[in-house]
Amino acid sequence: MRVATDIGGTFTDLVCLELNKQTGKPTGVRVTKSDTTPSNFEQGILDTIEKGNVNLGEIDFFAHGTTVVINALTERKGAKTALITTKGFRDVLEIARCNRPDLFNFNFVKQPPFVPRYLRFEVEERMDYKGRVLKALNMATLKAILKTCTEEKVEAIAVCLLHAYKNPEHEIALVKELAKLDSSIQIIASHQVTREWREYERTSSTVLSGYVLPIAKKYLDQLKEKLGQQGLRDTPYIMQSNGGITTLNDVKNNPITMVESGPASGVFGAIALGKVMDRKHLIVLDIGGTTAKCALVENGQVKITTNYKIEHSRTQAGYPIQTPVIDIVEIGNGGGSIAWIDEGGKMHVGPKSAGAMPGPAAYGRGGKHLTTTDANIVTGRIHPDYFLGGELQPDYTSIEKAAKPLCEFLEATKEDVAKGILRIANSNMVNALKLISVNKGYDPRDFAMVVIGGGGAMHGADLARELQVSELIVPLNAGVFSAFGMLMSDIRRDYIRTNVITLVPEQWAVIQSTFMEMEEEATKNFKQDGYANKDIKFTYYTDLRYAGQEHYVKVLVSDFDANTPLDTIIQYFHKAHKKQYSFELDTQVELVNFHLVAEVEVEKPDFPKLVVQGKTIEEACFDTRAVDFDDLGIHETAFYHRSQLEPNMKIEGPAVIAEKATTTLVTPLHIVHVDAYGNLLLTEEKA
Amino acid sequence: MEKFTLEIIQDALVATGDEMFQTLQRTSMSPIIYESLDYAVGITDAKGELLAQGNGVTAFLAALDAVVRATLEKFHEENTLNEGDVVIANTPYAGGGTHLSDVSVIYPVFYTNELVAFTVNKAHWTELGGTFPGSVSTVATEIFQEGLHLPFIKVREKGKVNEAIVDLIKSNVRLPDSTLGDLYAGIAAAEIGARRVISIIEKYGLDTFIKAKEDFLDYGERMCIEALKKIPNGVYTGTSEIEDNGFGEGPFPIKAKITVTDNEFIADFNGSHSQVKGATNLAFSGLVTGCRSLFKAITTPSMAANGGAFRPMKVICGPGTIVSAEAPSAVSVYYEVLITAIDLVWKILAPVIPDKLPAGHLRSVCATFISGIHQDTGQFYIQAEPLAGGWGASSSHDGNRGQLSCGSGESYNIPIEIREMRYGIQVEQYAFHNEGGGYGEFQGGNGQYVDYKVVSNGAYVTAAFLGEKTKTWGLNGGHDGSYNYFLILRKDGTQERHSLGTNIALEKGDTIRCVTATGGGYGNPKDRPKDKVLLDVKNGYISKKEAKAFYSVQPRE
């Protein structure tokens with residue numbers, strides 16, 4: 001049996017894949033949900049295990065994704081952290097990048113640093129940009145620094161020195177000495193977190209890593225211990241933000257890599273599904289209660305970026321974390337997003353959300369604002385028996401009340417306001433989807449769209465139509481897809497190093513030796529976890545730009561070896577630059593970052609196929625009601641239980657397919673096919 | 001239901017602005033564009049009314065629509081615009097002009113042979129020739145010394161690039177690759193915008209598009225009027241000054257009279273000093289752009305910029321003043337005058353609307369241009385950048401530290417690690433200073449020291465730090481802050497203090513210390529809670545002595 005657990009904001013999910021002991025083929029999937037327990041996250045996991053009646057002694061593989069890191073950051077529940085940096089530069093952390101995204105607001109407030117100035121210490125030392133020592137490291141002041149740290153009850157120390165990305169020698173010596181002087185404080189240095197340049201971003205990454213270090217270590221240790229007590233034989237694997245899993249020991253050294261593990265595993269689940277279905281180009285959309293997240297998958301690969309920031313918005317600069325995170329665009333539009341009218345009389349939807357409490361007006365828990373979910377009810381797109389997992393009936397009086405001020409102001413009927421809300425919400429999501437596709441030079445017609453999360457299937461058909469994607473896929477278990485993705489992930493580590501060189505033949509040796517060094521580092525790390533050389537698969541990327549530019553384009557160097565011609569890499573870059581930015585230049589090409597992906601493949605199960613029992617479509621249909629499809633008209637529409645659908649069934653729109661966790665809207669233009677795995681495939685009828 | 005369609009078109013226009021903005025940032029070759037984001041992109045209708053704008057800097061708010069209107073004035077009848085044309089312009093005295101370094105790319109958008117819109121951008125190119133590297137001089141007396149003037153010319157005609165113009169640019173600038181790279185980045189951004197505008201029109205139809213943009217402009221105006229109603233009506237006046245013109249002459253007063261009614265905002269700068277010898281002059285079109293940014297800050301700061309939101313604002317000033325300079329006056333340091341003008345209106349109105357405007361901030365771009373030959377690569381470099389300093393405190397919070405001036409916005413400092421690789425410079429410190437000031441119930445933000453040590457074999461620095469003799473201002477009982485200036489610390493131990501300086505020769509081992517001001521304080525210092533004062537002392541933002549002298553708080557020894 002293989003198990004994955006995913007801690008989300010509201011629920012902790014468990015997916016258990018049962019395998020036939022003889023054949024190893026999957027026989028079925030069990031899904032369990034229980035409430036997330038923020039004060040004691042591992043309790044939520046134990047609850048799902050108990051609720052799902054899972055015997056940990058029979059588990060061969062256990063993967064786990066957790067929000068413990070992002071929670072500690074956003075709720076400011078991390079450790080008291082100090083910073084040690086190069087003399088003259090302790091204010092780098094607070095000066096940050098000096099930008100003001102809220103640029104027309106002269107009364108803005110800058111976000112405060114995670115380490116106050118009195119805990120930012122300096123040591124004498126200096127490297128130049130080539131990594132040569134200009135001033136030797138002087139550690140004479142460390143005792144005094146540690147004394148202050150002890151007095152101030154500091155729990156973690158972040159060390160970040162100038163140009164350490166190039167030469168970490170001084171950082172290594174400092175960490176060693178600090179550990180020797182005081183073993184009670186946890187220490188992390190920038191070279192352990194990132195080997196990329198930009199001192200503010202690196203300092204911020206290191207400080208935030210230090211900030212979550214004690215709490216994450218403690219959590220991981222307890223998790224291991226408690227699962228062990230319940231009979232789990234092997235240590236669990238942990239999901240990271242780069243879409244791969246890793247060993248618990250590895251993540252303990254640098255827990256910040258877990259920061260966005262939830263969204264990452266959802267996207268990797270979609271990729272795994274794509275592989276089974278033979279779809280390599282995907283747009284993945286996850287619509288939850290408050291936000292929608294999307295990512296683009298090309299050739300079965302999703303881009304990894306280190307330009308990640310927490311608490312970044314249109315008005316705030318946020319805090320950068322240079323850790324590999326899959327490239328996701330997130331917008332403030334979900335089922336709970338509130339419709340409101342500004343002073344100029346314009347209606348907006350989101351980013352404010354009614355959340356789970358009080359929730360949309362239809363919940364009848366005192367929600368006074370009309371939300372996207374309410375609009376879906378008004379248009380008849382959600383069946384009352386399937387509202388909120390069938391747990392309660394929509395409160396129509398409450399909807400009426402919430403709609404009234406909007407109707408009066410806009411001089412429109414409730415139905416028109418609802419359609420307006422859906423149009424605006426869809427338009428917001430289309431803009432986000434364009435950001436990752438059209439704006440980057442991709443044609444959506446080459447992509448299939450996979451929708452997951454509670455709201456994905458509700459809006460998917462309209463969005464697919466607007467974007468003109470080739471097909472829409474609503475996977476089975478779309479609601480717990482993040483956990484599902486973990487079962488399909490490999491062990492993956494990303495190594496990224498800044499080393500700026502011009503791409504000329506004389507530099508070939510540097511390119512070769514840098515990748516070699518990185519391979520050695522990766523091999524060494526994997527060896528510590530007991531993996532052999534031959535199991536490791538390397539993939540090589542380079543971040544390239546025209547000399548003089550600042551931003552780069554990531555280029556995959558396929559089959560990199562000693563014979564790879566430099567010209568091939570340069571040609572790849574010209575092509576990629578033209579695709580993304582519409583022009584190429586006759587200028588020298590510079591390499592900025594080396595990016596090595598080291599993966600160890602985990603044996604993965606197939607997706608289980610649904611058993612055909614010979615049910616009919618008529619049996620699955622449970623109601624017929626009027627549904628408003630906006631510009632496509634109001635239609636008498638058949639409603640189906642998803643649980644009653646079987647492979648090879650075909651349903652022509654208009655239709656609504658209901659299940660506990662979500663509802664799939666099929667417009668009059670769409671046809672649904674149910675595939676062998678129980679996924680719904682929606683395509684537009686040829687006119 | 002049409003109402004909602006119009007809104008969706010408007011959102012699509014704003015999204016297009018964002019996309020053009022990113023394209024320019026990611027493809028540009030000038031750090032002042034891709035790090036300082038000293039540029040703006042926009043979409044106007046066929047007549048030059050601003051529909052959407054993406055800004056890196058606040059100050060280019062009147063730059064894009066005006067430059068399109070000036071383009072339309074030049075190209076009409078026989079000499080008309082055709083599909084595939086691209087016009088470039090950097091004229092300072094007309095069409096939203098600022099200084100020669102800011103070059104606009106104007107791209108007419110055609111739909112079935114009809115001119116339907118423009119996409120446009122304006123960006124600070126690091127090099128455009130002229131007497132000194134970086135095309136900025138504090139001692140220029142005529143525009144001819146400030147670089148190459150591109151007076152609304154077609155760099156592309158019916159889809160074909162005019163190679164003669166490209167060659168002309170190439171042979172007149174110091175960093176031709178970078179300058180031409182910026183040109184192509186500008187064209188690429190405009191082109192992408194044009195494509196999106198056309199696809200919007202294709203989807204919704206031209207009539208609906210036109211209706212949406214009219215509706216959008218009216219919406220902007222409504223939003224603005226609502227906000228204007230909340231500002232107390234009245235006539236407010238004030239004076240500020242430009243301390244120095246780069247020739248040791250000055251100060252030169254700038255005067256403003258602000259009239260606020262429920263539906264109008266008039267800024268009258270008549271009575272300001274006449275245009276001066278030197279480059280500290282601002283053309284009238286630059287003044288309008290500055291006033292728009294302050295006006296937006298107090299009316300619709302969170303709304304996407306659109307032309308309708310500026311309809312209630314008027315700027316008045318007769319020709320030939322220091323804020324309405326005419327040809328051929330030098331203007332390359334226009335930005336210091338622009339910020340002084342913004343700061344003047346700010347200071348006049350802050351006591352009336354302290355919830356929208358804090359006390360005085362560093363009030364200077366503190367721009368430095370350092371040039372030389374890189375010690376390792378042998379290549380010519382110019383490091384051009386704005387510097388951060390302290391902002392003023394407000395009625396609700398302490399002043400921010402480490403922020404660029406109001407003229408910058410989504411602009412970034414240059415990372416030390418990138419700087420030291422690219423330029424012949426080593427940074428010795430990058431830290432808050434405590435040169436005093438900014439005391440109040442809310443404390444002004446500390447200014448900074450940035451020390452650049454020259455490691456190339458010689459270098460030159462050009463810089464303008466106004467505020468060398470005038471402190472940033474406190475508000476409602478808060479104390480004034482401190483000064484902006486820069487020092488040259490010679491390796492022989494001598495030092496010189498400057499406010500404006502052009503091409504000051506430096507030797508290897510000399511250090512330039514840039515000092516940016518601490519912001520003004522807000523309210524009576526006696527009202528500041530003791531624990532806040534003690535924490536400031538612990539953090540070293542103020543000294544023990546200051547705590548005692550200005551806050552009557554005695555920290556423990």
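Predicted model: local features only at pLDDT ≥ 70, side-chain atom pairs only at ≥ 80, totals over all residues.
**View 1. Thr502(A) and the residues around it.** Here we zoom in on Thr502(A), which belongs to strand E25 (residues 491–502) of chain A. If you set aside the neighbours within four places in sequence, Thr502(A) is in contact with Gln507(A), Ala547(A), Gln588(A) and Glu590(A). Have a look at Leu544(A) too: it sits 42 residues away from Thr502(A) along the chain, and the two C-alpha atoms are 9.6 Å apart.

**View 2. Chain A as a whole.** Chain A has 17 helices and 35 strands. Its radius of gyration is 26 Å, close to the 26 Å that the globule rule gives for 687 residues, so chain A is as compact as a globular protein of that length. The C-alpha trace of chain A spans about 80 × 65 × 60 Å along its principal axes. Some 52% of the 687 residues of chain A count as buried. Take the contacts in chain A with a separation of 6 or more, and 66% of them are between residues 24 or more positions apart.

View 3. Four strands of chain A line up as E6-E5-E9-E10 in an open sheet, and the pairing is parallel. Strand E6 (120–123) and strand E10 (186–189) of chain A are the edges; each has a single partner strand, so one side of each has no neighbour in the sheet. From one strand to the next, the twist averages 25°. Strand E9 (residues 156–160) of chain A pairs with E10(A) over 4 bridges, in the parallel sense.

**View 4. An antiparallel sheet in chain B.** Over in chain B, 5 strands make an open sheet in the order E14-E15-E20-E17-E18, with antiparallel pairing. Strand E14 (425–432) and strand E18 (495–498) of chain B are the edge strands, each pairing on one side only. The twist here averages 15° from one strand to the next. E14(B) and strand E15 (residues 448–454) of chain B are joined by 7 bridges in the antiparallel sense. One spot to look for is Ala431(B), whose bridge partner in E15(B) is Tyr449(B).

**View 5. Where chain A meets chain B.** This view shows 54 residues of chain A in contact with 63 residues of chain B. On the chain A side, helix H3 (92–95), helix H7 (199–229) and helix H12 (414–436) each supply at least two residues. H12(A) gives the most to that side, with 7 residues. By type, the chain A side splits into 23 nonpolar, 16 polar and 15 charged residues.

View 6. The largest nonpolar core has 371 residues, and the ones touching the most other members are Ile157(A), Met449(A), Leu282(B) and Val345(B). Not counting residues up to four places away in sequence, the residues that Leu282(B) touches include Leu287(B), Ile322(B), Val323(B), Tyr334(B) and Leu338(B). Another core lies apart from the largest one and has 9 residues, among them Val537(B), Ile542(B), Ala547(B) and Tyr551(B).

Conventions:
Residues numbered from 1 in each chain as written. Chains lettered and ligands numbered in written order. Contact = placed C-beta atoms within 7 Å. Nonpolar A, V, L, I, M, F, W, Y, C, P; charged D, E, K, R; others polar. Core = buried A, V, L, I, M, F, W, Y, C linked by C-beta atoms within 7 Å. Buried ≥ 20, exposed ≤ 12 C-beta atoms within 10 Å, placed from the backbone. Pairing = 2+ DSSP bridges. Axes fitted to C-alpha atoms, helices over the stretch in contact; angles between N-to-C directions. Rg over C-alpha atoms; globule rule 2.2 N^0.38 Å.
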